[in-house]
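Subject: Handover of a structure

Dear colleague,

I am passing a structure on to you with this email. Please look at it first; my notes on what was found follow below.

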Amino acid sequence: KLQFLYLIGLRRVKGPPLPSPKERSKMWRRCVLGVQRRAFWNKDGAATTLEASDLPLLQESPGATKVFLDYEAGRGNTLGRVEIELNAEVVPMAAENFLALCTGRYAKIGAEAAGDDRPNARTDRSLKLGNLHYQHTNIHRVMRGFLIQGGDNEHYDGTGGWSTFRGLKFFQDESYDITFDEPGVVGMATSAPNRNASQYFITTGPAPHLNGMCVGIGRVTSGMDVIREIEALETDHHDRPLLHVQVINCGRVSDA
């Protein structure tokens, strides 16, 4: 705490002078990295490593990896359906997470409500009921020729997100084998390595600079015209669409 107070200049005590700018920079890095490290551990101190038992949807139906998202722009203006084929062989954790968010398997918060008896199942009652679901999440970022982005199931504005794994907010990067060299590639939107949660993006143009930075999870197989309609919407200076774009229905194609 004393180091942090030194950094922000709120505490000056008798004795040695304040650290030099270089030393203060090192201290700041230690503070920030300490917060980041703690973010990758859950309350029980267990690392964010996942096992086969954490992939029930893929185990139950190994070949059913195609999902759909129905979008609406404004009130009652249905845009259409987008179908996505997830690559569960390359990124099984990300595919399981996306499947669970599309189907709403853990939409009810808490182990008892979701029927989830796995260890460390999330029981945070402060979160909105049903937020482990893509239904009613928004497209909060639209950049023409680049991507559209959505999936924030926490704050619904692009500042949050929760994964569906054992109460863990984030899960680690698995593979960068899926590249973003063409439109229609779906990837996990993250702010740093190993911070995959619920936010996703769909490319609307080649984005090779994302290769090796973001985890690709699949490709759009149908409904690219819907993505183009969203891409064409007018946006503000924060790249947010002026019309409210949300997912009104989603699930697994085999169940539809």
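The chain has a mean pLDDT of 79, and 70% of its residues reach 70 or more. Over residues 10–14, however, the pLDDT is below 50, and this stretch has 7 contacts in the model beyond near neighbours in sequence. Residues 31–47 are a further such stretch: pLDDT stays under 50 there, and the model has 13 contacts for these residues beyond four places in sequence. Where pLDDT is low, the predicted coordinates should not be read in detail.

As to the overall architecture, the chain contains 6 helices and 8 strands. Read from the N terminus, the order of the elements is α-α-α-β-β-α-α-β-β-β-β-β-α-β. Of the 256 residues in the chain, 47% are buried. Among contacts with a separation of 6 or more, 67% are between residues 24 or more positions apart. The chain exposes about 13,200 Å², and 52% of this area is supplied by carbon and sulfur atoms.

Several individual residues deserve a note, beginning with the strands.

Phe68 belongs to strand E1, which covers residues 66–73. Is Phe68 buried or exposed? Phe68 counts as buried because its relative accessibility is 5%, and the cut-off for buried is under 20%. Between the C-alpha atoms of Phe68 and Glu85 there are 8.9 Å, while the two residues are 17 apart along the chain.

Thr78 is placed in strand E2, residues 78–86. Which residues does Thr78 touch, leaving aside those up to four places away in sequence? They are Tyr71, Glu72 and Ile248. For Thr78 and Ile248, the separation along the chain is 170 residues, whereas their C-alpha atoms are separated by 8.6 Å.

A further pair involves helix H6 (residues 224–231), where Glu229 is found. Glu229 is partly exposed, because its relative accessible area is 39%, between the limits of 20% and 50%.

Most residues other than glycine have a negative phi. Tyr156, which is not a glycine, has a positive phi of about 65 degrees. Tyr156 lies in the loop that runs between strand E4 (147–150) and strand E5 (185–188). With a relative accessible area of 22%, Tyr156 is partly exposed.

Asn194 also has a positive phi, near 65 degrees, and is a residue other than glycine. Where is Asn194 found? Its place is the loop between E5 and strand E6 (200–203). Asn194 counts as partly exposed, since its relative accessibility is 32%.

With kind regards

How values were computed. Residues are numbered from 1 along each chain as its sequence is written. This is a predicted model: local features need pLDDT of at least 70, side-chain atom pairs count only at pLDDT 80 or more; totals for chains, interfaces and linings use all residues. Side-chain values use heavy atoms; hydrogens and water are left out. Helices (H or I, at least four residues) and strands (E, at least two) are DSSP runs, numbered from the N terminus. Buried means under 20% relative accessible area, exposed over 50%, partly exposed in between (1.4 Å probe, protein chains only). Contact means heavy atoms within 4.5 Å. Accessible areas come from the Shrake-Rupley method with a 1.4 Å probe; for residues, only the protein chains shown count as cover. pLDDT is the predictor's confidence in each residue, from 0 to 100.
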